[in-house]
Amino acid sequence: KEIENMKRILAILLVGLMLLSLTACGGKDNVVKRGALEMEGEGLFVSEEHEAHRKEEDGVSSEATYERVNYSNLSAALMDLENGKIIKLSVTESVANYVAAHNDKFTVSVNKENLKNFSMMTSESNTKVYDILNNAIKAMKEDGTLDSLMESELMAYINSDPEPKDLPHFDGARTIKIGVTGDLPPMDFVAANGKAAGFNIALLTEIANRAQVNFELVQIETDARAMALSSGKVDAVFWTRSSTCTKCGATSVNGVEGILATESYFTDYSASLKLKSDK
């Protein structure tokens, strides 16, 4: 009897372990990983209705939960997307279109309910640099220069890599250090030779000519931009934020206090890159 009781107990334990194993596997299967570049601070609140639509679009269970995977550079994110480690990569529409135009393994999905504003950011203590950048951007918006740049520069860069161009130089003029990442082509792009190119360089060229200042480009990691500002490594960086952002003056970004955002110089839709099912 004791032997039979022991067998029953062992059988019950084995069944319990199997059930636990299945539950654990099911839990893992219900986690869907979506990638995102660390381009900004907190994300938008997502309604239950939008979450349900997102799951339907992604072809995952309604019981699934999303896990955000942050990347400090675009290359690593695209590699994980191609290897199936993440189901989608959240970027802006211009970046998604650029990547898809250069790699036919990816497809683009645009979210027209979520807009992203492109701005430049400085530290709150660096108001002179902020005024130079913000005043030039405002003037360019008012006189139509920004619209002209969009037509002549941005759209042309979607299907071809931007060519590096030298920024203007003015003897004896103030030099402003700008952080570039290369992670937002065709906006922020770094060529194979290490030189920055893309729409943001066209923007800086126009600002330099208007304000008679020199720009020195400093390459930094995407997730190091806020710290680069606070440490004084750079005077300004390029940034994206939601159009619903209420913190349009001084704000806190990634734990760094006292950040000033210029007026937006470009607005783009949020988008996702996904691996094509037939690839």
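In strand 12, D268 is the bridge partner of K116. The model is predicted, so to speak, residue by residue: local features need pLDDT of at least 70, side-chain atom pairs count only at pLDDT 80 or more, and totals for chains, interfaces and linings use all residues. Residues are numbered from 1 along each chain as its sequence is written, and side-chain values use heavy atoms, leaving out hydrogens and water.

Strand 4 (residues 106-123) and strand 12 run antiparallel and are joined by ten bridges; strands are DSSP runs of E with at least two residues, helices runs of H or I with at least four, numbered from the N terminus. Strand 12 (residues 266-275) also pairs in the antiparallel sense with strand 3 (residues 88-92), over four bridges, where pairing requires at least two DSSP bridges. Here S270 of strand 12 stands opposite T92.

L273 touches L89 and F106, among others, not counting residues up to four places away in sequence; contact means heavy atoms within 4.5 Å. L273 and L89 are also among the residues that touch the most other members of the largest nonpolar core, which has 51 residues. Such a core consists of buried Ala, Val, Leu, Ile, Met, Phe, Trp, Tyr and Cys residues joined through side-chain atoms within 4.5 Å, buried meaning under 20% relative accessible area with a 1.4 Å probe, protein chains only.

In another region, I137, M140 and K141 of helix 5 meet T145, L146 and L149 of helix 6.

Technical notes. Buried < 20%, exposed > 50% of the residue type's maximum accessible area, 1.4 Å probe, protein only.
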